[in-house]
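The following note sets out several points for a colleague who is examining the model. The sequence and structure are shown first, and the numbered points come after.

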Amino acid sequence: MTVLQIVLGAICVVLAVWLVVLIVLDRLPGDLLYGVLAVVEIGLVVQLVIGLVRISGDHGDLNVAAYVGYLVGSLLVLPAAFVWAAGERTRSGTAVLLVGVLAVTFLFLRLHQLWTYR
C-alpha cells in the first residue's frame with residue numbers, strides 16, 4: 001500500500017467511528033465532518049493521478065481496466081454518498097455516509113491486492 005492509501009484509510013476509519021457515534025446519538029453530520037470528507041476526496045484525486053502514472057510504466061500482468069475502474073470508482077463513492085445523505089437529513093442519511101466511507105476503505109484494499117498480485 002502506498003503511504004497515501006494508508007493515511008486516507010486511517011482517516012476513513014476515524015470518520016467511520018465518528019459517523020457511528022453520530023448515528024447512535026441521532027445527530028446530523030456537521031461542517032467539520034464534511035470538511036474531512038472533502039480532504040479525503042482530494043486525496044482520492046491525488047491517488048487517481050498516482051495510479052494512472054503507475055500503470056503508464058511497467059505493470060506486468062495487471063488488469064488495467066479493473067485497476068482504473070477501482071481508482072475511478074473510489075473517486076465517485078463519497079460524492080454519491082454525500083448527495084444521498086444531503087437529501088436524507090436523518091439518521092439514515094448519516095448511515096449512507098458511513099457506508100460510503102467504509103466502501104472507500106475496502107476499495108483501497110482491493111487496489112492494493114490488484115497491484116500486489118499482478
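1. Contact is taken here to mean heavy atoms within 4.5 Å. On that basis, and leaving aside its neighbours within four places in sequence, Leu37 is in contact with Leu15, Leu78, Leu97 and Val101.

2. The model is a predicted one, in which local features need pLDDT of at least 70 and side-chain atom pairs count only at pLDDT 80 or more, while totals for chains, interfaces and linings use all residues. Residues are numbered from 1 along each chain as its sequence is written, and side-chain values use heavy atoms, with hydrogens and water left out.

3. Helices are DSSP runs (H or I, at least four residues), numbered from the N terminus. Helix α3 covers residues 64–87, 24 residues in total. From first C-alpha to last, α3 reaches 35 Å, close to the 34 Å expected at 1.5 Å a residue; the expected span is 1.5 Å times one less than the number of residues.

4. Residues are classed by relative accessible area (buried under 20%, exposed over 50%, partly exposed in between; 1.4 Å probe, protein chains only). In α3 the buried residues are Tyr67, Leu71, Ser74, Leu75, Leu78, Ala81 and Ala85. These buried residues pack against α2 (31–56) and α4 (91–116).

5. A nonpolar core is a set of buried Ala, Val, Leu, Ile, Met, Phe, Trp, Tyr and Cys residues joined through side-chain atoms within 4.5 Å. The largest such core has 30 residues, of which Leu33, Leu37, Leu44, Tyr67, Leu97 and Val101 touch the most other members. Two or more residues come from each of α1, α2, α3 and α4, and α4 gives the most, with nine.

6. A cavity is a set of points on a 1 Å grid over the protein atoms alone where a 1.4 Å probe fits but cannot get out; lining residues have an atom within 4 Å of a point. One cavity of 30 Å³ or more is counted, and the largest cavity holds about 50 Å³ of space, the volume being that filled by probe spheres set on the points, which are joined across faces, edges and corners. Its lining residues are Thr2, Leu4, Gln5, Gln47, Ile50, Gly51, Arg54, Tyr67, Leu71 and Leu111. Elements giving two or more residues to this lining are α1, α2 and α3, with the largest share, four residues, from α2.

7. Asp26 lies in the loop between α1 (3–25) and α2. Its phi is near 55°, a positive value in a residue other than glycine. Asp26 counts as partly exposed because its relative accessibility is 48%.

Key: On a 1 Å grid over the protein atoms alone, a cavity is a set of points where a 1.4 Å probe fits but cannot get out, and a pocket is an open set with protein on both sides within 12 Å along at least five of seven lines; lining residues have an atom within 4 Å of a point.
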